[in-house]
Amino acid sequence: MPVENSRNVNIILAVAGVAFLLFGLLLLYSGWEIWRDYRGSVSWDVAPATVLSAELEEHWSSGSESRSSATWEVVCTCRFEADGRPLPCTRTTPTGDCSSPREPHDRRIAILDRHRKEGTPIPVWVNPADPSDCFVFREANSVWAYFMGFGGPLGLLGCTLMAVPAVRAARTGLAWWRRRRARGW
Amino acid sequence: MGFWTFTLLAVGGTAAAVLLGGVALWAGVRFLARVDGVSLGRGLSVYIFAAIVAFLGYAAVRYILFAMVLGPYGAVPGRIVGAAVAVVGMAWAVKKAGCGTWAKAALALLPAAGHAGLVVWAASSVAGDIREADRAAECRHALAELGIALARYAEEHGGRLPEDSVALRATMGSDWVAPRCPSAAGRADGGHFYFSGAGPKPLNAAEPGFARRLVACDLRPHGPGRNVLRGDGWACWLSEDQFQTELAAPHNADFARAFRAETR
């Protein structure tokens with residue numbers, strides 16, 4: 001390959017490598033943030049709460065008529081007592097609940113509805129340091145797994161693309177140094 | 001942790017692990033297998049290749065072959081055969097990279113396999129801690145469900161608590177299943193200790209101060225502490241020191257006596 005072409009290919013590979021690496025890291029970080037929010041609640045207290053209302057809301061992305069682009073969200077209000085004062089709990093899951101597909105939301109709304117109709121309390125997760133920070137179902141939005149599953153290989157691809165011009169440059173430099181040494185300084 | 005700290009840790013950690021593995025493989029090839037002309041860069045690239053082969057081999061055996069054919073019974077044999085396949089895969093990768101014979105490849109692999117073993121051990125111990133914390137959280141949720149059932153029983157029986165789960169089932173319905181600790185699979189006690197009151201002094205939810213009293217707790221600790229259920233229905237995790245302090249409180253004297261008799 002002519003020297004100019006080889007240099008251009010190296011630059012393209014390095015730029016593409018940086019782009020892939022940054023995008024992969026961004027995906028990994030987003031997935032890790034969701035997972036961290038979910039994991040953060042592992043030591044929280046569990047308290048009995050009364051379900052006051054529970055509804056399933058459907059959202060469409062703007063300008064889209066397609067049912068496949070709809071997302072669902074369980075909007076609920078529960079009430080529990082902490083240190084003798086009543087507190088509301090309106091969060092369904094630790095990582096936000098607006099997502100697709102519909103099935104997990106149907107399951108959650110069925111549980112909340114059953115407790116509301118029977119008048120039986122439901123256990124809710126409460127942050128012991130700040131009892132107003134609470135949610136009902138300790139389930140992670142599975143999108144973190146997709147983010148990390150795509151982010152890791154993309155980051156590795158970026159590293160590989162960056163490594164190719166780096167190895168080529170190192171080889172060229174090494175060859176030049178050997179030639180120079182053979183000729184004598 | 002911000003994006004850049006995360007990036008630094010992720011990239012730095014991965015690079016350090018790969019670099020150490022590459023150096024270990026290069027040292028194994030150069031000094032144990034006595035193969036000349038192998039550069040450090042080649043050691044690094046072969047280590048990455050060998051690690052990918054080992055990971056894919058392990059995943060295929062453990063999660064596809066054994067999990068699909070044997071289901072939950074395939075977990076332990078899947079791990080063993082998967083590890084064996086991973087080691088053979090690494091040796092094959094090293095042999096392909098120019099080590100000549102299988103014996104030389106196995107010899108060259110020793111330091112790198114030790115390094116890979118350390119990485120896997122560290123990752124699996126972190127995963128084990130995460131699983132144990134999840135089980136403790138599930139157990140706390142189960143205790144809270146028990147608290148809700150107890151509160152319902154007390155409401156229908158003038159504040160009195162049930163003697164045992166049989167009495168509780170009579171109120172909750174025959175399809176009610178007593179909540180269990182996930183770490184107590186196969187044990188009849190369900191992993192929880194429940195205290196209904198002592199002889200002439202049965203527990204009563206209507207008593208003043210009942211909300212602070214311990215009603216139930218884990219029979220065995222979850223890590224360095226255990227979950228407890230209080231009279232107000234709150235389930236929380238206490239370190240073992242905090243738990244002993246709770247047991248020493250005068251309002252929990254009967255609970256402490258019964259708990260010590262049960263776990264003696």
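This is a predicted model: local features need pLDDT of at least 70, side-chain atom pairs count only at pLDDT 80 or more; totals for chains, interfaces and linings use all residues.

Biologist: OK, at what angle do α1(B) and α4(B) cross?

Modeller: Roughly 160 degrees, and their axes come within 6 Å. Axes here are lines fitted to C-alpha atoms, for helices over the stretch in contact, and angles run from 0 to 180 degrees between N-to-C directions. α1(B) and α4(B) are therefore roughly antiparallel to each other.

Biologist: Which residues of α1(B) and α4(B) make the contact?

Modeller: Among them are Ala17(B), Leu20(B), Gly21(B) and Ala24(B) from α1(B), and Leu107(B), Pro111(B), His115(B) and Val119(B) from α4(B). Contact means C-beta atoms, placed from the backbone, within 7 Å. By class, the contact of α1(B) with α4(B) has 15 nonpolar, three polar and no charged residues. For the classes, Ala, Val, Leu, Ile, Met, Phe, Trp, Tyr, Cys and Pro are nonpolar, Asp, Glu, Lys and Arg are charged, and the others, Gly among them, are polar.

Biologist: And how does α4(B) sit against α5(B)?

Modeller: α4(B) packs on α5(B), residues 165-172, at about 75 degrees with the axes 10 Å apart. That makes α4(B) roughly perpendicular to α5(B). Ala149(B), Arg152(B), Tyr153(B) and Glu156(B) of α4(B) meet Leu168(B), Thr171(B) and Met172(B) of α5(B). That contact divides into four nonpolar, one polar and two charged residues.

Biologist: How are you picking the helices and strands?

Modeller: They're DSSP runs numbered from the N terminus, with helices being H or I of at least four residues and strands E of at least two.

Biologist: Switching topic: how many residues of chain B are in contact with chain A?

Modeller: 20 residues of chain B, against 15 residues of chain A. On the chain B side, α1 (3-32), α4 (102-156) and β6 (235-239) each supply at least two residues. α4(B) gives the most, with eleven residues. That side of chain B has twelve nonpolar, four polar and four charged residues.

Biologist: What about domains in chain A?

Modeller: Domain 1 is 17-41 + 141-170 and domain 2 is 42-137, with bounds from an automatic or database domain assignment. The C-alpha centres of these two domains of chain A lie 31 Å apart. Their contact takes seven residues from domain 1 of chain A and eight from domain 2 of chain A.

Biologist: And where is chain B divided?

Modeller: Into domain 1 (3-123) and domain 2 (132-263). Their centres, taken over C-alpha atoms, are separated by 48 Å.

Biologist: Last one: is Glu240(B) buried or exposed?

Modeller: Glu240(B) is exposed, because 12 other C-beta atoms lie within 10 Å. The cut-offs are 20 or more for buried, 12 or fewer for exposed, and partly exposed in between, with C-beta atoms placed from the backbone and counted within 10 Å of the residue's own.

Biologist: What does Glu240(B) touch?

Modeller: Pro221(B), Pro224(B) and Gly225(B), not counting residues up to four places away in sequence. Glu240(B) itself lies in α6(B), residues 240-248.

Conventions: Residues are numbered from 1 along each chain as its sequence is written. Chains are lettered from A and ligands numbered from 1 in the order in which they are written. Two residues are in contact if their C-beta atoms, placed from the backbone, lie within 7 Å. Angles under 35 degrees count as roughly parallel, over 145 as roughly antiparallel, 65 to 115 as roughly perpendicular and the rest as oblique.
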